[in-house]
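Colleague: I have a structure to go through before class. Could you take my questions one at a time?

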Amino acid sequence: MNRTTLSLIGAATALAAISGVAALTGGSSDDAGSAGKAATRLPVQRSTLLCPTPSTSDVSSTTYTAYTPKRDGVDAKDGTAELLPAQNAADDMTDPGGDGKGDKNDKSGKDGGKGGDKPVLPLKEPGKPVTTDVSSADAPALIGTADGRFAPGWTVQQTTTIDAGSGRGILGTACTAPDTDFWFPGVSTDRGRQDFVHLTNPDDAAAEVDLKLYGPSGRLKSATDESITVPPRSTLPVLLSTLTDQRAESASLRVTARSGRIGAEVQAVDQKAGSDWLPPSAVPSSSVAIPGIPKDATSARLVVFAPGSDDADLKVRLAGPNNSITPAGHESLHVKSGMTAAIDLGDVTKGEPGSLLLTPEGGEGPATPVVAALQVTRGKGGDQETAFIPATAAIERSATAADNRTKGSTLSLVAPRAAAKVRITASAGAGGGSPVSKTYEVKGGTTKALEPPRPASGKGPYAVTVERLSGGPVHASRMLELTQDGVPMFTIQSLPDDRGTVVVPEAGQNMSLLNDD
């Protein structure tokens with residue numbers, strides 16, 4: 001951004017507070033005053049979330065849970081939060097003669113969540129989650145908006161259980177905010193996998209989207225036009241193996257909206273190891289944290305991609321409960337520019353919970369940014385289950401995981417560098433109860449895995465909010481597990497910062513003080 005001095009800040013202030021998409025500072029949010037004493041941190045006034053179509057299986061059931069934390073300084077009266085069904089733009093997905101890519105030329109959008117659809121999960125008050133169950137393969141994708149007191153930190157969790165078939169397991173995802181650029185390391189076009197990228201358009205104009213796949217030798221040759229049209233207020237699943245004739249066990253997908261904005265998530269179905277959602281990686285960075293590898297993981301496969309023009313040389317470290325170690329035989333990883341690198345780490349945690357840390361190996365020149373994800377498997381033989389953990393941005397202030405149960409929730413926190421202090425709050429349950437908070441310290445270079453607090457006298461699913469109080473960066477994830485017929489079904493959701501507040505300058509402040517790029 002140019003170092004421009006602006007005196008008419010009123011419009012920018014209003015836009016930032018409404019959108020909540022990006023803060024106006026270029027650095028850490030620890031101290032708004034570091035960018036100028038006039039800077040003020042305000043709660044966002046509007047949030048948008050997009051939930052993909054949960055499943056087409058006839059033996060699936062989905063639980064939706066929505067939650068907004070209570071926050072000081074937020075108007076206690078005004079605001080709404082609700083979701084509406086999105087139009088399914090891929091009617092040919094259920095047609096045996098369909099090509100798996102939907103109708104590229106369909107721009108109708110039909111009703112697209114308008115025309116009298118009943119809102120889903122309307123919140124009544126911050127601090128208390130709402131939940132609903134759908135026992136049907138007809139559960140739609142959802143487009144949601146929260147404003148006023150419900151916007152800051154609004155979170156929606158979608159948890160689907162599939163009892164049988166190649167996709168059996170728990171598929172969980174936190175519904176995501178719309179954007180224009182996403183990276184998905186860890187996708188596959190292999191014959192043993194069926195990966196669909198779900199594209200959801202929240203707006204009233206069509207979005208033009210480009211899909212590009214990169215394998216271990218570079219760009220995968222396209223078998224079709226990579227440009228996809230997503231109609232207004234619609235969702236479109238695209239089978240990745242239809243985009244190329246090349247088969248890659250591990251690949252990276254880039255999703256770019258050339259016009260409009262979208263939500264994007266990948267549903268990965270493994271014929272042997274079940275299925276789960278693969279969320280997008282954090283933005284490319286030279287240092288990466290992948291939090292929350294289960295202690296009983298039987299295998300872990302790391303996938304890394306270097307999107308820039310330079311190769312990346314990375315140190316690989318495992319942050320355990322007491323210290324950080326180097327996984328045997330995997331001290332470093334070389335990633336060629338524009339190519340996907342993958343390594344099998346096996347049962348890397350050896351019975352203790354951990355997190356992967358990737359840092360520059362050193363040498364001359366600037367460090368190379370990368371994106372990364374980890375495929376984790378629990379169980380053996382026919383009783384395997386899989387989940388994905390993407391590179392996860394640090395919690396600057398707070399992050400929330402909705403849909404926690406009385407049993408089966410594990411929260412993982414990793415402090416890659418300096419120690420950090422956090423406060424963890426369990427909300428009231430959807431059926432009542434009172435919130436409970438506890439404070440924890442995470443030692444530098446370690447992972448703390450814990451069962452989160454539960455609400456006092458709580459009933460039903462509840463939310464867990466992590467607030468960083470002091471110290472170094474903290475990265476977090478939540479595992480939800482359910483053993484069924486001997487299969488250790490589980491899903492893991494990363495917890496990036498909820499961006500519930502935004503730094504805005506006061507009128508007349510020099511914007512060049514707030515931006516350093």
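Colleague: In which strand is the place of Q157?

Modeller: This is a predicted model, where local features need pLDDT of at least 70, side-chain atom pairs count only at pLDDT 80 or more, and totals for chains, interfaces and linings use all residues. Residues are numbered from 1 along each chain as its sequence is written, and side-chain values use heavy atoms, with hydrogens and water left out. Strands are DSSP runs of E with at least two residues, numbered from the N terminus. Q157 sits within residues 155-162, which is strand β8.

Colleague: Is Q157 buried or exposed?

Modeller: Buried means under 20% relative accessible area, exposed means over 50%, and partly exposed lies in between (1.4 Å probe, protein chains only). The relative accessibility of Q157 is 2%. So Q157 counts as buried.

Colleague: Which side chain makes a polar contact of 3.3 Å with that of Q157?

Modeller: A polar contact is a pair of N or O atoms within 3.5 Å; within protein, one must be able to donate a hydrogen and the other to accept it, and residues adjacent in sequence count only if both atoms are side-chain atoms. The side chain of Q157 makes a polar contact of 3.1 Å with the side chain of T159. The contact of 3.3 Å joins Q157 to the side chain of Q493.

Colleague: What is the phi of R233?

Modeller: Most residues other than glycine have a negative phi. R233 lies in the loop between β14 (227-230) and β15 (234-239), and is buried at 14% relative accessible area. R233 is not a glycine, yet its phi is positive, at about 45°.

Colleague: Where does K350 lie, and what is its phi?

Modeller: K350 lies in the loop between β24 (340-344) and β25 (354-360). K350 is a residue other than glycine with a positive phi, near 55°.

Colleague: Which residue meets K350 in a salt bridge?

Modeller: A salt bridge is a side-chain nitrogen of Lys or Arg within 4 Å of a carboxyl oxygen of Asp or Glu. K350 is exposed, at 63% relative accessible area. The N to O distance is 3.1 Å, and the partner is D347.

Colleague: How many salt bridges does the structure hold?

Modeller: E249, R301 and D344 are linked in a network of salt bridges. The structure holds 14.

Colleague: How many residues apart are D296 and R378?

Modeller: D296 forms a salt bridge with R378, and the closest N and O atoms are 2.8 Å apart. D296 is in the loop between β19 (288-293) and β20 (297-305), while R378 is in strand β26 (residues 371-378). D296 is partly exposed at 37%, whereas R378 is buried at 5%. The pair links distant parts of the chain, 82 residues apart.

Colleague: Which residue forms a salt bridge with R423?

Modeller: The closest N and O atoms are 3.0 Å apart, and the partner is E467. R423 lies in strand β30 (residues 420-426) and E467 in strand β33 (residues 462-471), so the pair ties together parts 44 residues apart in sequence. R423 is partly exposed at 30%.

Colleague: What charge does the surface patch with D310, D311, D313 and E361 have?

Modeller: Patches are made of residues with over 30% relative accessible area and no salt bridge, with like charges joined within 9 Å. D313, in strand β21 (residues 312-319), is partly exposed at 37%. Asp and Glu count as negative. The charge of the patch is negative.

How values were computed:
Patches are made of residues with over 30% relative accessible area and no salt bridge: like charges are joined within 9 Å, nonpolar side chains (Val, Leu, Ile, Met, Phe, Trp, Tyr) within 5 Å. Accessible areas come from the Shrake-Rupley method with a 1.4 Å probe; for residues, only the protein chains shown count as cover. The place of a charge is taken as NZ of Lys, CZ of Arg, CG of Asp or CD of Glu. Helices (H or I, at least four residues) and strands (E, at least two) are DSSP runs, numbered from the N terminus.
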